[in-house]
Structure formats: C-alpha cells, structure tokens
Amino acid sequence: MAARRLLWTPFLMAVFLAGILAALPDRNVSPVAGAIFVHELKREHFQGAFPSIHKNYSEIPSDTPITFHAQLLGYPDLPRWLRYTQRGPYRTGYLYGSPTMKDVGRQLIEVTAYNRHTYETVRQRVIFTIVPAPDTQMPYQAEFFVRNRDVEEVLPADAQKQFQQALDIMLEQKDWSIINITSALDRGGRVPLPIEGRKEGVYIKVGSRRPFSDCLLETKSSDNQFRCSLDQQPVIACYDSFSPQFRVDWCNITLADLSSLSVTERVPVWGDGVLEDGSEYNPPTDSPEKAFLSDYLLTILLPLLVALLLCLLLAYIMYCRREGVHKRDLKTSDVQMVHHNTIHSNTEELRHMASSRDVPRPLSTLPMFNVRTGERISPLQGRQDSAHVPLILAQQ
C-alpha cells in the first residue's frame, strides 16, 4: 500500500498542477493613444484550454460558464485607463479604454479565466504596446449619451461602425472618430429596474479636427436649454440619423473646444506617486491662519443667549403676570367677601365642635357587634369560644 501511494502521489500532483498552471500563449496588442481600444475575451478560446475538456468527460457540458479576472502584472487592479466588463458567465468579456500619451509604452495584463463548474483556471498574458497616435490634435470633442444601449453592446466593431456612420450622415463630415466609451454606471448612474428594454446607458466621446457644425451648436442654444429644463427634447435642424438604433439624449450632450489650450494644458501630466530614492516627503508647514471667533460665537454664545432670553421670559410670566391675594380681594365685591367669610367661619366652628365632643362611635362602624347585647366581638375570635353569645335570640 505504501508503494502504491508513492506511485500515485506524483500523478496526482501532476494533475493538480496541470489544472492550476494551465496557460495560453501570450497575446500582443497595440492600442493607439487618444483612441478607443477594445480587446475581446472570447469564451471559446479559453474553454478549449481547460484540462477537463481535453479528457472529454461526459459530465462536463460543452457550454461552460466562464468568468474572467484581469489585472496589471504585479498589481491587484488594472491601469487607470483600462476597464473590464462582462455581463454574465455565458457572455463575452471585454477589456476596453482610451490610453493617453502618458500611458505610451509597454504594459503587461494578466487575464485569468475561471471555470465555474470545475473551478479550473486558465491564464493568459496580454502584452499592451501603447503607441502614440500619428496626429493627436483633436481639439473639438463631443460626448453623446445613448440611453438604449449597455456598454458591452457598443464595444463590438460593428456597433462602433454603425454609430460612426450615423454620426457622419448627421454632421455631414467624416473626420469624426470615437475617442472613448464609458458606461453610465462609471459616471454615477444607477442600475435600472429589471424591466425589459431598460438599459444602463453609455457615453460615447468623439473627436474631430474641424469645428462643431451648426447642428451640434443648436443643442446648446438658449431655447433648447429651456426646453431641456422642462424635460423636453431640443429641436435641431439636421436629421437625427441615430434613431431608432441609438436613442441619443440631446439634453445630455457635452461639447468641448480645446483649440485655445496649449499642448501642455491639453495633455495633463500625472505623477507616479513614488518618491525618489533617498528623498523625504516634506509636508507644507505654513498653514493659513483662520479666526475661529465667529464660529465660537455661533456655536456657543448664541444658544446660551437664546436660553437666557427664554428664562427671563418665563420668570416674567410666572412672577410678574400673576395676581396676588390682596389684588384679588380688592376686585371682589363686599357682599361676596362677607358671604365667603361667613361660610369659612361656620365651617371652622363645626369642625371644632366635632373634635371636642365625647360621643361613642356608632356600632355600625365597629368591626363586629351583638345586635341584642351590644357586645363588641373581634372578627378574629374563633367559633370554639365558650362565651359565645348568639346574635339572634332564636339561636339560644
């Protein structure tokens, strides 16, 4: 038995390591700075790499639920320009985003696919080689909010091409290109109710080297802004070629003119957040002086002043507004005073006479008494008492 265990141990370890360390060849992609990039994570591509699929187990379905996890190699999350989305374990996953000039270079993304039935994993490294755009001068940018689409419905190339064609037809110029695509949930939007036809919404930003057309400028006119304040769609002169495939919210359109900005202002410079070797962080020591007298008066003295005024008002009502006995007697007529004094004196006299007379208490107030003899008997006296006198004469 010990020999068999020694023979089975390497085999089990090999199977275990095969399930854990299954990997696909590296994938090289080349995003362009300043343009939208979409990398599709196909389930079929990862499904064929699971070890259980190669063994052709009959209990494993062909349509395996797979979820993905992507991260920058050596870090717990993705770069700030890259996002990941997957609607469900039976849907395709997407890595998408718009890199900037600061992100130009090589970034290594590790994608892990999880088999939700067998808990197997398959890893693949995606090498992002971000290259600068041949011409990044797109000073005129417009962002549209599409209400009837989710972000994964716009990421495929066919959907982007359809939106691009509708934009070219409407604006009558073909130099507009998609810069970025953002889900409405990333902008603070709320998840819609589980009702058919409800979508999260998606923001699509486009850029051009030519100025805005009159059609786009009409959406920002004062009349259309007033209609938007009344929850009405603005009136535009050009034909809305987006409808019905894309329901654009014309009240939620953003126009940005960056032509007046310099190159340094147009491309923000972000720090890496890491101090140089041998350097120390010196926080600012000079803090602006601030007077807290007004805050003190507002939080301490004002409530005390209000409480003092209330106490003075209550004291005035209790001690200054009540009528005294002398003042009350002056307002009372003499006849009423004589009548009151007479009743009072007679009551006192009767009370004095009742307290001074020596009259025995009525028998009815005693606890027990004999009707015939008038003898008082305690109610606690037992029935075996030989000196018991019957209450009724017939009981003798």
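How many aromatic pairs does the count come to? Taking rings of Phe, Tyr and Trp (its six-membered ring) as paired if their centres lie within 6.5 Å, with planes under 30 degrees apart called stacked, over 60 edge-to-face and the rest tilted, the count comes to 12 aromatic pairs. One of them joins Trp81 and Phe128, edge-to-face, with 6.0 Å from centre to centre and 75 degrees between the planes. This pair links distant parts of the chain, since Trp81 sits in the loop between β3 (66-72) and β4 (82-85) while Phe128 belongs to strand β7 (residues 121-130), 47 residues apart. Trp81 and Phe128 are both buried, where buried means under 20% relative accessible area, exposed over 50% and partly exposed in between (1.4 Å probe, protein chains only).

The model is predicted: local features need pLDDT of at least 70 and side-chain atom pairs count only at pLDDT 80 or more, whereas totals for chains, interfaces and linings use all residues. Residues are numbered from 1 along each chain as its sequence is written, and side-chain values use heavy atoms, with hydrogens and water left out. Helices (H or I, at least four residues) and strands (E, at least two) are DSSP runs numbered from the N terminus, and the protein has 11 helices and 11 strands.

What makes the pair of Phe144 and Phe242 tilted? The ring centres of Phe144 and Phe242 are 5.7 Å apart and their planes stand at 45 degrees, so the pair counts as tilted. Because Phe144 lies in strand β8 (residues 140-146) and Phe242 in the loop between α7 (222-229) and β11 (254-257), the pair ties together parts that are 98 residues apart in sequence. Phe144 is buried at a relative accessible area of 1%, and Phe242 is buried at 0%. Ring pairs also join Phe144, Phe163, Phe242, Phe246 and Trp250 into a cluster.
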